[in-house]
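Open the model in your viewer and keep the selection tool at hand. Each stop below says what to select and what is there.

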Amino acid sequence: MFEPTTTFLCDIYLLNHVSLIALGVLLLLLFGMSRKSKNIKGTSLNGPISPSFLFGYYRQLTESEDDAAMYEEWAKAYGPAYVVPGGFGTKNIVICDPRANAHFYSKETFGYVQTKLARIFIENLMGRGLLWSEGESHRRQRKALSPAFSNAAIRRLTPVFYDAAYKMTGAWNNAINAGSGQAIIDVQIWMNRISLDSIGIAGFGHDFHALDGQESAIVQVLESFSDEDTSILSRLVFFLGPVLPILQKLPTEQNRTVVKMKKTMRVIADELLERNRKAKDGQAMAEEKSIIGLLIKAESTSSSLAMSQEEILAQNVLLLAGYETTSSKADWALIELCRQPDKQRKLREELAQFTTSDPTFDQLSATLPYLDAVVQEVLRLHSPVTQNTRVAAEDDVIPFTNPVTTATGETITRLVIPKGASVLSPISYMNRAETYWGSNAREFQPERWLEKDACKCAEEIQGYKHILTFSDGPRICLGKSFALTEFKAVLSVMIRRYSFELPDGPDTKITKHPSILPRPKLSTVSGPKLYLKVKAV
Ligand code: HEM
């Protein structure tokens, strides 16, 4: 979902040279460039020469419209394992091989752990919840949370997604009627609102009323990462806050918003705890369906998984997970379907059978092959998380399917990784490389998911249906079923009711807007705006 590595920080913060140097110097002072404890010597690998000591390839990778193409070019030049320079002379070992990735992900949270910066970012924003934790603590929290994400739980939550989608259609219909059958709508803002209200209600039993136009501290905080006006001081203070807590008291704009957000979350958590207390006292209450509500209920009846109250409340990381990832998926689906109107029509035809009711959870999951193929293809081509960087917590040996040529010219199939080394799984490359997906790997072709054997080579890749968009292993996205159901429900409502066009036709240029995760936007407007021509069908 999000991987705030140093690469990623550049992405979030649009750092100019001066601020990056300042940030770098401070971070180096605080953490050192720890590549500690080299018990064994790692395999020396080939790779591109660093274009800059300060930045390595960070800027090129984060500013590129297609980082998968850069990884692919390097894989062609250096083979399935190579080293890419990061900032301040650091190095990332990139693994472009299915078996190597399967091994890497299988050792998540024990053998490979989050970078220090990623943990600081997550802790500062959301606390010590699932995404922050590693090893045994992660396993315990994950086990406790899992029942709340089961198929049965998501089936019960499906109406929440439809309710949110229909709130949106109410507003869109007004705009379309006022515009004689057509309106120009910034669909991005509506997808964000749907995501926030859905995760608010489904996750916490709380309605943020974003679809009713209510401002929310949560949105302000999350949006502040893409806001070019947020000052460098504000950003430095945010990152160094957990290390020097006094900085969190400084009255910067971002600090104030984070405090506001934490207060909002505290109120929501107190409401949930109060509801649970009343239920225990035998007072009548509505059936609890929310993810965290169910967790609190389960915790008070069984102590076997023993999550502390602090841990339960830190699961507001679900907000970040649910908000940042899901909305950009729906944006990309609409863009791709505008670029190829025949595929938009084909999807509408499949959904036309639902005239009087919406597809149920089971129908969304199993009986709409073209909808499933469209969703799968969007996830393959537009993974919100494009790479996953971890630090080796112990010495390791990574096995490869394809042979690797080392810097000394030796051919090997096992890579020696010393403790402290940084290993990078290039998700976008694995999802789009021609080697696995064929010569049309870069094209949006939902049909590939319907043809038998069309993705034969990719079958070696693990992950969800052979893509790594949801990650893999112990940290594979817990909200996968939630995200897929929400995505399909919202898309089915939109495609059945409206037709969509890009403002300057199918070739309208789309670029990336940097945020916690990059969002698509029209290249001609400033800010993360995605105006589409929307007509009722
Ligand atoms: C299309 C939408 C989504 C995508 C592509 C996605 C992707 C991911 C990825 C790549 C990770 C691994 C992150 C890492 O290792 O650093 C992850 C973890 C996670 N996701 Fe998602 N996610 C999506 C939606 C959601 C939603 C809607 C929720 C919650 C309702 C959610 C909850 C989580 C949680 C709790 C984790 C942490 C799992 C752990 O640490 O064990 N995700 N997601």
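Select Arg432. Arg432 is buried, at 14% relative accessible area; buried means under 20%, exposed over 50%, and partly exposed in between, computed with a 1.4 Å probe on protein chains only. The model is predicted, so local features need pLDDT of at least 70 and side-chain atom pairs count only at pLDDT 80 or more, while totals for chains, interfaces and linings use all residues. Residues are numbered from 1 along each chain as its sequence is written, and side-chain values use heavy atoms, with hydrogens and water left out.

Asp66 and Arg432 form a salt bridge, with 3.2 Å between the closest N and O atoms. The term stands for a side-chain nitrogen of Lys or Arg within 4 Å of a carboxyl oxygen of Asp or Glu. The two residues are 366 apart in the chain: Asp66 is in the loop between α3 (58-63) and α4 (67-78), and Arg432 is in helix α19 (residues 427-432). Helices here are DSSP runs of H or I with at least four residues, numbered from the N terminus.

Next, select Arg475 and Glu134. Their side chains form a salt bridge, 3.1 Å from N to O. Arg475 is in the loop between α20 (434-437) and α21 (480-497), and Glu134 is in the loop between α6 (116-126) and α7 (135-145), so this pair ties together parts 341 residues apart in sequence. Are Arg475 and Glu134 buried or exposed? Both are buried.

For another pair, select Arg128 and Glu123, whose side chains meet in a salt bridge at 3.1 Å, N to O. Arg128 is partly exposed at 38% relative accessibility, and Glu123 is partly exposed at 25%. The count of salt bridges by this rule is 22.

Last, select helix α8 (residues 151-178) and helix α9 (residues 187-204). How do two packed helices get described? By the angle between their axes and the distance between the axes. The axes of α8 and α9 come within 9 Å and cross at roughly 145°; axes are lines fitted to C-alpha atoms, for helices over the stretch in contact, and angles run from 0 to 180 degrees between N-to-C directions.

To see the contact (heavy atoms within 4.5 Å), show side chains including Phe161, Met168 and Trp172 in α8, and Trp190, Met191 and Ile194 in α9.
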